[in-house]
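Have a look at the structure first, then read on.

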Amino acid sequence: MAERELTGREKAAVLLISLGKEHSSKIFRHLKDDEIEQITLDITNMSRVDADTKDEIIQEFYEECLTQNYILEGGIDYARDLLESSIGSQRAYDLINRLTSSLQVRPFDFARKADPNQIFTFVQNEHPQTIALILSYLQPNMAADVLAKLEPSKQAQVVARISNMDRTSPEYVREVERVLDRKISSMGMDDFAAIGGIETIVDILNATDRSTERRVLEELEIDNAELVDEIRRKMFVFEDIVKLDKRAIQRVLRDVENADLTVALKNATEELKNLIFANMSKRLVEMIGEDMEYMGPVRLRDVEEAQQKIVNVIRKLQDAGEIVVSRGSEDEMIV
C-alpha cells in the first residue's frame, strides 16, 4: 500500500490504528455514523503499512493540528509566521492553503484582537441583534467589557438575543463582518454557524462585574423572567464552591440543611469534600460522613436538586452582599 498515495480516509485509518484502541475510541465519539462506518471499513481492509509511512502520517497529522490551532488562536498571519520559523516557508504555505480551504475559521477573528473600546465605539449605535451576533464570537472577557459599556436597556436586549440565538445564516455573519471590517474575506461557510445560546451569555455575565450583571438581569427580568431564572441557575454551579474563601464557605454552611449537604456531596470531588469538611466542626464532619456511608445509592436527580439548593443559598447571600464570589482580579481584596 505504501507504493501509492494513501487517501485521506486511509491515512485516518492508519492514524487510528497507531493511536491504539483507547485513544481511537475517544475520537470515534466525535465522528458521524457514516464516518465511523467508512473508517472502520478502511481499518478492516488495511494491509501492512511500513514504519516510515506510518511515521509520515503521524507527523502530517501533528502538523495539521498545530496549524489549525495557530489559525484559530491567532489568525492566518500568526499561523504563517510561527510555521515558517519551524517547518519552512513552502511547507507552511502548503499546510495553510490546504486547511483554510476547508477549515471554518472563526468569524470576527480581527475583532477578538481589537481593543474593547474600539469594538464598543462601533457597536454602541447598532441594532441589538447585530451587537448580540458580534459579542457571541468574542472572548467572554472582551464581550463582558463591551456589554458593560452599553446603555442598560440595550444591555438587556442584547442579552435576550444572545440567549435566544441558535443558528445564524453564514450570509448574515459575512455581511456583519464586511460592515465591521471590509478587510475580512469571506469565510466560505457552507452550513449554518452554531453560536450564542444560554451558555454564551452565562460565560459573558460570569466575566463581567457584579453590578453590570445585576443591572442586566434586573432589566431583562421585566420582560423575560423565565430566561433570567435559567441564566441564574447556570451562572454558579455547585463545583464553583471551590472559588469561595473560607469565610464565605462557613457563612454558606450556616444556612444549608445538613440533609441537603449530605446528598449534595455524594458525587462531589475529593477536593470539594475536603474543602467543605475543613470548614466544619469535627463532630459534624463525622456525622455527615456516617450519613453518606449508610445512605446507599442516591438518584442523580436528587443529588443535583440538593446541589441546586446550596447554589441558591450562595446566590442569595451574594445578592445580599454577605459573601463575595470571585470574578478575577477585580474582586481581589487589598489590605
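This is a predicted model: local features need pLDDT of at least 70, side-chain atom pairs count only at pLDDT 80 or more; totals for chains, interfaces and linings use all residues.

**Overall picture and confidence**

Mean pLDDT for the protein is 76, with 73% of the residues at 70 or more.

| Stretch | pLDDT | Contacts beyond near neighbours in sequence |
|---|---|---|
| Residues 183–194 | below 50 | 25 contacts |
| Residues 328–335 | below 50 | 4 contacts |

The chain has 335 residues, and 39% of them count as buried. Among contacts with a separation of 6 or more, 75% join residues 24 or more positions apart.

**The cores**

In soluble globular proteins, nonpolar side chains tend to be buried together. Here the largest nonpolar core has 36 residues. Leu135, Leu147, Val158, Ile204, Leu205, Leu220 and Ile231 have the most contacts inside it. Several helices each give at least two residues to this core, including helix 8 (116–123), helix 11 (152–164) and helix 15 (225–235). Which helix supplies the largest share of this core? That is helix 9, with 6 residues.

Leu220 makes a handy example. Setting aside neighbours within four places in sequence, Leu220 is in contact with Ala156, Val159, Ala160, Leu227, Val228 and Ile231. Another core lies apart from the largest one; it has 29 residues, among them Phe236, Leu265, Met292 and Val311.

**A pair of helices**

Now to helix 1 (residues 8–19) and helix 2 (residues 21–28), whose axes come within 6 Å and cross at roughly 130 degrees. The two helices are therefore oblique to each other. On the helix 1 side, the contact is made by Leu16, Ile17 and Leu19, while helix 2 brings His23, Ser24, Ile27 and Phe28. By type, the residues of this contact divide into 5 nonpolar, 2 polar and no charged.

**One residue on its own**

Is Glu271 buried or exposed? Glu271 has a relative accessible area of 58%, so this residue is exposed. Glu271 lies in helix 18 (residues 270–277). Between Glu271 and Val242 there are 29 residues of sequence separation, yet their C-alpha atoms are 8.0 Å apart in space.

How values were computed. Residues are numbered from 1 along each chain as its sequence is written. Side-chain values use heavy atoms; hydrogens and water are left out. pLDDT is the predictor's confidence in each residue, from 0 to 100. Contact means heavy atoms within 4.5 Å. A nonpolar core is a set of buried Ala, Val, Leu, Ile, Met, Phe, Trp, Tyr and Cys residues joined through side-chain atoms within 4.5 Å. Buried means under 20% relative accessible area, exposed over 50%, partly exposed in between (1.4 Å probe, protein chains only). Helices (H or I, at least four residues) and strands (E, at least two) are DSSP runs, numbered from the N terminus. Axes are lines fitted to C-alpha atoms, for helices over the stretch in contact, and angles run from 0 to 180 degrees between N-to-C directions. Angles under 35 degrees count as roughly parallel, over 145 as roughly antiparallel, 65 to 115 as roughly perpendicular and the rest as oblique. Ala, Val, Leu, Ile, Met, Phe, Trp, Tyr, Cys and Pro count as nonpolar, Asp, Glu, Lys and Arg as charged, and the others, Gly among them, as polar.
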